[in-house]
Amino acid sequence: MQKLSIQGGTRLAGEVRVAGAKNAALPILAACLLTAAPVRISNVPQLNDVRTMVKLLQRMGVAVEAHAHAVTLDARHVAEPFAPYDLVKTMRASILTLGPLVARFGEARVSLPGGCAIGERPVDLHIKGLTAMGAEIAIESGYIHAKARRLEGTRIFMDTVTVTGTENLMMAACLAQGTTVLENAAREPEVIDLARCLVAMGAKIRGHGSDVITIEGVSALFGVEHAVMPDRIEAGTFLAAAAATRGEVTLTGAPVESLDAVMEKLREAGARIEAADSTVRLSMAARPKAVSVRTAPHPGFPTDMQAQFIALNTVAEGTALVTETIFENRFMHVQELRRLGAHIDIQGNTAVVHGMEALAGATVMATDLRASASLVIAGLVADGTTVIDRIYHLDRGYEHIESRLGELGARIARVA
Ligand code: EPZ
């Protein structure tokens, strides 16, 4: 199994271009199921999760032409509206095919996602919303069976803010009879990027980016060419790594307008940040100061940056409180960071991080995607060699991370 080997102690310096966003690309790829016309998606990141989504769509009968960072999808002939367990278990976001399939084909059989390292992560709000739109849903042998002659528009209040739940119901509502209103909807930039793509396909959507989204159903959607937005979590990860190594890094093609919460906290930690258009320049002249964060739905501090900020705080001056409010089990990286000499106490859903002068390299294990990013950051600052095992987690969400960090001066290599 591949590992990453990192020689710590290098200040990151230089320029790196931000790739397309995983969490926008996945729903946008699934949206191809809503139309019989070809869609061409560009700025698609080369990630294992994207490859899984493409494989899933092909399994349904979607014709796919894939290039380096662009994919053309043609869902004219979907033979089987079926998402099998063997694919869904590797990527929960497969659930994003449920809404489009039942909306366009009147039926879908999609495996329940199953367990996840970071939390229980039910999909009850996806099912509740589709049921409210008139779908008949049964759960049998681990599969969601959904049927509807034509979905009906209605008012849906989601009692928890859910990103993929909002995306699934928004896609389904595009072909429903009448108007759907999603209340307490997610405001994440990826939801907005999906809505923009759907509007370009002929959907009637307004309010995306706010917590009330209104969708007027239409009878059919058209083909589209859409470029996926840049990845704000990848951008945030590079900025946190630059700050932790007291480096000087410039991001190009960055989603500046989606990085407010992260940049504000990095400034609090002592980073100097200049951001304009799609360029962010960060420099950290001195040891970072401890910075406390509390995760929340957008525009709050993203849970997908929580682990990276714990890593930053392990070598900061002072003590930070990092509170996770979205997922109930998202501190798996803490035990691994302790192996590098970090001093962290867990009190309920808060990690109390006591900053240390230095960390020491060791062998650690990645447990989920963002946890692995935090181990990479800690490995970059630790003295000596850090070896990270199970990096398949990292490859799910970061494109060629070792070569791009290598361009910033990191001494990092993929080893067998
Ligand atoms: C999306 O997951 C992202 N994934 C996650 O990124 C991200 O952490 C999360 O949103 C929160 O920002 C994709 O977009 C593919 P949720 P999602 O539904 O949609 C509860 C990464 O690292 N909930 O917004 O699955 C749920 O348990 C990944 O890139 C229900 O109770 O997350 C959680 O506590 C990890 N019932 C909360 O809502 C439901 O039906 C938010 O989850 C749905 C969710």
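## Ligand shell

Helix α5 gives the shell around the ligand its largest share, three residues. Helices here are DSSP runs of H or I with at least four residues, strands are runs of E with at least two, and both are numbered from the N terminus. This is a predicted model, in which local features need pLDDT of at least 70 and side-chain atom pairs count only at pLDDT 80 or more, while totals for chains, interfaces and linings use all residues. Residues are numbered from 1 along each chain as its sequence is written, and side-chain values use heavy atoms, with hydrogens and water left out.

The ligand is surrounded by 21 residues. A residue is near a molecule if one of its heavy atoms lies within 4 Å of it. D124, T162, T164, D304 and I326 are the closest. At least two shell residues come from each of α1 (22-30), α5 (124-132), α6 (163-173) and α12 (369-381). By class, the shell holds nine nonpolar, six polar and six charged residues. Nonpolar covers Ala, Val, Leu, Ile, Met, Phe, Trp, Tyr, Cys and Pro; charged covers Asp, Glu, Lys and Arg; the others, Gly among them, are polar.

## Polar contacts and cover

Which residue has a side-chain N or O atom 2.6 Å from an oxygen atom of the ligand? That residue is T162. R121 places a polar side-chain atom 2.9 Å from a ligand oxygen. P122 uses its backbone: an N or O atom there lies 3.3 Å from an oxygen atom of the ligand. The ligand on its own has 830 Å² of accessible area, and the protein covers 87% of that. A polar contact is a pair of N or O atoms within 3.5 Å; within protein, one must be able to donate a hydrogen and the other to accept it, and residues adjacent in sequence count only if both atoms are side-chain atoms. Accessible areas come from the Shrake-Rupley method with a 1.4 Å probe; for residues, only the protein chains shown count as cover.

## Buried helices

Helix α1 is largely enclosed by the rest of the structure, because eight of its nine residues are buried. Buried means under 20% relative accessible area (1.4 Å probe, protein chains only). The buried set in α1 is K22, A24, A25, L26, P27, I28, L29 and A30.

Helix α4 (residues 98-105) has six of eight residues buried, so α4 too is largely enclosed by the rest of the structure. Those six are L98, G99, P100, L101, V102 and A103. Just after α4, G106 takes a positive phi of about 75°.

## Strand pairing

Strands β18 (residues 293-294) and β19 (residues 319-323) pair in the parallel sense over two bridges. Two strands pair if DSSP finds at least two bridges between them. R294 has T323 as its bridge partner in β19. Between β18 and β19 the chain passes through helix α10 (residues 306-314), a right-handed β-α-β crossover. Right-handed means that, with the strands pointing away from the viewer, the path from the first strand over the helix to the second runs clockwise. β19 also runs antiparallel to β21 (residues 350-354), joined by five bridges. There, T323 stands opposite T350.

A four-stranded open sheet has the order β6-β7-β9-β8, with mixed pairing. Its edge strands are β6 (82-83) and β8 (136-140), each pairing on one side only. β6 and β7 (residues 107-111) are parallel over two bridges. F82 stands opposite R109 in β7.

How values were computed:
Buried means under 20% relative accessible area, exposed over 50%, partly exposed in between (1.4 Å probe, protein chains only).
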